Amino acid sequence: MDHGVNQHQAEDPAAVAGNQRLGIWLFFIYAAIYLAYIAVCVLWTDLLDQQLIGGLVNSVVFGFGLIVLAIVVAFIYGLACRSTILPVVIDPHTAPAETRGPVETRGPAGPGAGE
Amino acid sequence: VIYEVNYTAVAIFSLIVGLTLWLSVFLAKNARSAAGFFAASGGIHWFVNGVAFAGDYLSAASFLGICGMIAFYGYDGFLYSIGYLAGWIVALLVIAEPLKRRGKYTFADALDSAFQSKAIRFSASISTLVVSVFYLIPQMVGAGVLVQPLFGLPHWVGVTMVGAVVVAIVMTAGMVSTTYVQFLKGGLLVLFSLVLTVLILNRGFTVLPEAERARRLADQVVEKTSDGRTRVNGLPQGTGAGENDLRPVGEVLALPDGRTSTGPLGPWEFFRVLQDSEIAVWRSKTEGSKTTYFAVPTLGREVLRPGNHPSLQGIRSEKWTDRINFVSLMLALFCGTAALPHILIRYYTVKDQASARKSTIVGIATIGFFYLLTLYLGLGAMTSGALDVTDSNMAAPLLARSFSNWLFALISAVAFTTVLGTVSGLVIAASGAVAHDLIQIFTGRALEDRQKIVVAKISALIVGVIAIALGIAFQKMNVNYLVGWAFSVAASANLPALVMALFWQRATRWGITASILVGMASSLTWILLSGETYVNVYGLPADQSWIPFSQPGIVTIPLSFVTLIGVSLLTVPRDRVDL
């Protein structure tokens, strides 16, 4: 079965696994904070009325904090992810003359490469 | 409240609809292949796709529903903002890249990629249709609600107009035009929400003068007479002599330190002042055919506390089932986003996994920024003196009208494109499920490219007609309530199957199929037998329901996971084709 435009792009399994691990870790961290917020809402509702930061009630601080944290987590993930696409290998003996250049070898791609 | 036809709004609305239709015709040449029609040939730039994610996701419920809920019940509406955004973390960190790696046009593609199973494809496509239709109803209802006061047209005309425009957009250029309509809508929505927020902060708060209190805070009584007419405070509703209409509401009763006006406020100062102020919050009670709307002086601190909305009062309840209901709702919002078929298919419109990741990050930033603004918009509306006590969905447009008629026209037109963008995405997802998945099962072969597009266009037309019919039939239903259904069904039917198919090597085709069917059936059954449905749909007392709480997620999501694991362990795995 054909699976889309990127099906022929070779990926580096180590980079894929690394990104996945990072994603899962960040997911569990965010999920734990989200659960803590829900727990505060149902178990310690009075805590939301108190003021801990900048004279604002905690309900506003926690709510804004969760939204901003989601954006920050997304950017951290985006910056820390490695490229998973392997460079295309060109055989200098069989490739057309105009494509010959420095030969790249297959291997784990560095951060940001190929993106 | 009786609204006069706003010709500026009609002109701007016509301009935007004309622009979207022109865009569709202009882009039609890019949708002549199945890849072009369903996935824009994977050629959308990640930034455009990211903003289009926002356009796809920020539905009528997000804009009109959340702003209205905050305007009448304070912080409770913001809980939805938090939950809706948190769900995107699941989409980015768990789903985005593997889904892009395995899928092609539909959600079923990704599930089925390792199994080539008709059972999986069938159950996933049925689930796509069910979730899409549930999500379509509130969008269509929202369109009718918006058009009624703006154009002075009946509800069904608004619903039909949206249906017709969306079917035209989808049939002309499929995912290509849908993407650019959503990009346009996402950008406009965030831009004008920001403009409104700046205006709210610049206006600050002003206390209602003592001399006007008796008149502005008096009860308002609406009565339906036996001949179907409406009387307001004892007189026929109207704006002529001997008639009466409802007053707009939303007053600040007292500010800290006895001030009468604050002048411009900073973004944090806005909340600091509000939490120490006193606001008139409007509530209603209905006795027979008579509904009385009355002002309740409320401390700002109370407004910024969860648990004021009837559906969320369980947060402060002593009953554990009421609290579980809230937890269940927040769980469904967290798990539902990454399981909505019309969101998932947007991962196929970019070229590779890195683009899928980057576009999700742009989407999260755009959607998150919008949700931050919802608290300002809702509280700004609450204190604007412009609210319609009978219709919370009109809070955002009426807030805009408290600044200028032009802004009202612009915000109303943007709200209308909000409906167009989301409905287009839903119609594409549903037509893809029919043309790409269901037809293949029933005919026993995959259709050729051209046939697939023809079937998809016919499906889009049929789905559009069904959506129009349901939008008219469900006119009286609460918009946010219906969206809650869609999230619960998606989270229960799709997410467990998707996560386990992508990450658990021992998952079998029967495990995945059973998980989708059990998740879908259990969540639907739970919803249909819940107390909230008894009250809102059947008109029966909630205590006649034997379901302990209304939100199914906390039971049906784990049930779906357990079913998948159990059935997979009991069945023999066929050879997987892992990519």
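**Note on helix packing and the A-B interface**

1. In helix H5 of chain B, B:Val90, B:Val94, B:Ile95, B:Pro98, B:Leu99 and B:Arg102 meet B:Leu495, B:Leu498, B:Val499, B:Ala501, B:Leu502 and B:Phe503 of H19(B) (contact means heavy atoms within 4.5 Å). By class this contact has 11 nonpolar, no polar and 1 charged residues (Ala, Val, Leu, Ile, Met, Phe, Trp, Tyr, Cys and Pro count as nonpolar, Asp, Glu, Lys and Arg as charged, and the others, Gly among them, as polar).

2. This is a predicted model in which local features need pLDDT of at least 70 and side-chain atom pairs count only at pLDDT 80 or more, while totals for chains, interfaces and linings use all residues. Residues are numbered from 1 along each chain as written, chains are lettered from A and ligands numbered from 1 in the order written, and side-chain values use heavy atoms, leaving out hydrogens and water.

3. H5(B) and H19(B), residues 495-503, pack at an angle of about 65° with their axes 10 Å apart (axes are lines fitted to C-alpha atoms, for helices over the stretch in contact, and angles run from 0 to 180 degrees between N-to-C directions). Helices are DSSP runs (H or I, at least four residues), numbered from the N terminus. H5(B) passes H19(B) in a left-handed crossing (the near helix is turned anticlockwise from the far one by less than a right angle; clockwise is right-handed).

4. H5(B), residues 76-102, also packs across the chain boundary: its axis comes within 11 Å of that of H1(A), residues 13-43, and the two cross at roughly 165°. H1(A) is therefore roughly antiparallel to H5(B) (angles over 145 degrees). This crossing is left-handed.

5. From H1(A), the residues meeting H5(B) include A:Gly23, A:Phe27, A:Tyr30, A:Tyr34 and A:Tyr37. Among their counterparts in H5(B) are B:Gly83, B:Ala86, B:Val90, B:Val94 and B:Pro98. The residues of this contact divide into 16 nonpolar, 4 polar and 2 charged. B:Val90, B:Val94 and B:Pro98 also take part in the contact of H5(B) with H19(B).

6. Over the whole interface, 49 residues of chain A are in contact with 58 residues of chain B. The two chains bury about 4,600 Å² between them, 68% of it on carbon and sulfur atoms (accessible area, 1.4 Å probe, that two parts lose on being put together, summed over both).

7. There are 2 salt bridges between chains A and B (a side-chain nitrogen of Lys or Arg within 4 Å of a carboxyl oxygen of Asp or Glu). A:Asp49 forms a salt bridge with B:Arg305, the closest N and O atoms being 2.7 Å apart.

8. Within chain A, A:Arg82 forms a salt bridge with A:Asp12, with the closest N and O atoms 4.0 Å apart. A:Arg82 lies in the segment after H2(A) (58-80) and A:Asp12 in the segment before H1(A), so the pair ties together parts that are 70 residues apart in sequence.

Methods
Parallel < 35°, antiparallel > 145°, perpendicular 65-115°, else oblique.
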